[in-house]
Amino acid sequence: MSDVRQAACQVPLDRGVPALMLKIGQYPVHSGGLGVLRSLGRCGVPVYAITEPGLPPAAVSRYTTGRFVSRATGRERPESLIPGLMAAGQHIGRRSVIVSIDDEAAVLVAEHREELSEYFLLPDVAAGLPGRLASKTGLFELCRQHGIPAPESVTPGSAGEVAEFAATARFPVVVKNADPWQRRRHPVVPNTTVLDGPEELLALIGPGSGRGTDGSADRAPGLILQEYLPIEQGEDWISHLYADADSDCVVMLTGRKVRSWPPYAGLTASAYTVFNPELAALAERFCKEIGYSGIGDLDWRLDLRDGQYKLVDFNPRPGNPFRLFENEAGVDVVRALHLDLTGRDVPRAREVEGKRISVEHVDIPARLVYWMHDRRAPSASPAKPAGRGPASHQPEPGSTEYAWLATDDPLPFFVMIPHALRTAAGVLGRQLQGRARQSWQRWRMGSQ
């Protein structure tokens with residue numbers, strides 16, 4: 001269980017400056033948002049939350065000072081959400097630190113920073129930069145410009161270009177929604193998806209997909225196709241950082257991802273901390289060169305075939321397991337944000353290594369799937385490369401952080417359970433429907 005000593009936070013945050021945990025969309029089972037409430041609340045900061053209607057887990061946390069109910073889905077015009085956000089700021093009554101916990105929220109506040117600054121404290125970042133980083137296409141372009149290794153990627157401009165790609169590409173390939181807002185409005189895939197052959201890709205876009213309402217305009221399908229980096233020949237790494245107004249990473253924390261959900265291509269289900277100086281230097285250089293300011297959650301895959309760390313995702317906000325990562329001064333990326341934006345020094349210290357996290361509602365099924373995979377293919381776990389420092393060993397095990405269960409804040413765990421069961425049932429149903437639809441489309445294509 002999470003260490004109850006965390007309740008006695010010694011980080012000198014300004015308790016007179018509240019915070020607002022901001023999310024867009026209806027997904028109550030989000031441990032990262034709860035982590036924001038606990039991280040700042042344990043330090044005595046009043047924390048308000050944007051939540052779904054009803055009784056989501058965040059609403060029952062002892063560290064939630066107040067909440068604002070939102071029915072936003074992410075399918076609205078982004079600018080239509082600004083009046084409600086400003087009303088929340090006015091209700092709080094003091095300029096507050098916004099902590100965005102999804103990409104859409106981070107993009108929204110960056111693009112409307114000037115309007116929101118009357119009520120909120122926000123990082124001084126170029127308005128369009130978080131959107132480029134959250135966009136899979138934009139991130140790949142930035143990586144190419146600045147010499148950051150990344151999986152080879154193609155953004156097709158039409159369904160016809162998808163068909164051309166399918167005819168010549170080397171499979172498997174990874175498919176993602178190209179734009180952060182797209183996954184809510186018109187998602188091509190619900191999550192990162194690995195396709196084993198051209199038939200699956202053509203079935204995904206479907207016959208006639210990409211056509212306009214009149215059936216004549218072959219428009220962009222809104223997806224990005226990426227090189228597949230084999231899990232058998234790679235390691236998944238994470239870097240969590242906070243960059244100040246000068247784009248200096250005053251907090252840089254790294255770790256290894258052990259399990260994810262969906263398996264091998266989704267959210268972190270389990271991870272542990274170990275400082276990786278090579279990865280830290282790569283992330284710091286990238287942030288400095290692009291002029292990034294704020295919290296960053298970067299996903300990397302160490303490709304053991306060429307020894308390169310390849311940047312897979314850059315989320316311009318806290319990652320779901322951010323509470324795992326902190327330095328010896330007790331500073332995580334959310335606390336660093338609050339310290340910096342309230343004019344206080346961010347204590348620099350070594351990373352606490354050896355901590356582990358389990359995101360219970362996804363780690364339980366992930367453990368089962370990974371165990372089954374290991375039984376079927378015991379040789380799939382690659383040997384660790386020699387001479388690469390932290391990549392060649394695990395640190396001595398330390399404390400385990402649970403994303404939901406905490407002795408000083410127990411109610412969210414119990415409220416989460418029925419929400420998680422309903423979410424799991426919905427995900428399973430959508431996956432079965434998707435597979436049935438793909439099978440039907442493949443049959444139709446084969447019969448033509």
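These legends describe close-up views of a predicted model. Local features need pLDDT of at least 70 and side-chain atom pairs count only at pLDDT 80 or more, while totals for chains, interfaces and linings use all residues. Residues are numbered from 1 along each chain as its sequence is written, and side-chain values use heavy atoms, with hydrogens and water left out.

**View 1. Strand β10 is enclosed.** Strand β10 spans residues 234-243. Helices (H or I, at least four residues) and strands (E, at least two) are DSSP runs, numbered from the N terminus. In β10, 10 of the 10 residues are buried, so the strand is largely enclosed by the rest of the structure. Buried means under 20% relative accessible area, exposed over 50%, and partly exposed in between (1.4 Å probe, protein chains only). Both faces are covered. One side includes Ile 238 and Tyr 242. The other includes Trp 237 and Leu 241.

View 2. Two strands pair if DSSP finds at least two bridges between them. β10 and β13 (residues 294-303) run antiparallel, joined by 10 bridges. Here Ile 238 stands opposite Asp 299. β11 (residues 249-261) also pairs with β10 in the antiparallel sense, over seven bridges. Tyr 242 has Val 251 as its bridge partner in β11. The two strands β10 and β11 form a hairpin with five residues between them. In the turn, Ser 247 has a positive phi of about 65°.

View 3. Side chains of opposite charge can pair when their charged atoms come close. A salt bridge is a side-chain nitrogen of Lys or Arg within 4 Å of a carboxyl oxygen of Asp or Glu. The structure holds 23 of them. One joins Asp 103 to Arg 317, with the closest N and O atoms 2.9 Å apart. Asp 103 is in helix α3 and Arg 317 in the loop between β14 and α11, 214 residues apart. Another joins Asp 313 to Lys 136, at 2.5 Å. Asp 313 lies in strand β14 and Lys 136 in helix α6, so this pair ties together parts that are 177 residues apart in sequence. Asp 236 of β10 and Arg 301 of β13 are 65 residues apart. Their side chains meet in a salt bridge of 2.7 Å, N to O. Both residues are buried.

**View 4. Nonpolar cores.** A nonpolar core is a set of buried Ala, Val, Leu, Ile, Met, Phe, Trp, Tyr and Cys residues joined through side-chain atoms within 4.5 Å. The largest core has 50 residues. Tyr 242 and Val 251 are among those that touch the most other members. Helix α11 (residues 333-341) gives the largest share of this core, six residues. Apart from it lies another core of 31 residues, including Ala 243 and Tyr 309.

**View 5. Asp 408 contacts Tyr 63.** Asp 408 sits in the loop between β16 and α13. At 7% relative accessibility, Asp 408 counts as buried. Its side chain makes a polar contact with the side chain of Tyr 63, at 2.6 Å. A polar contact is a pair of N or O atoms within 3.5 Å; within protein, one must be able to donate a hydrogen and the other to accept it, and residues adjacent in sequence count only if both atoms are side-chain atoms.
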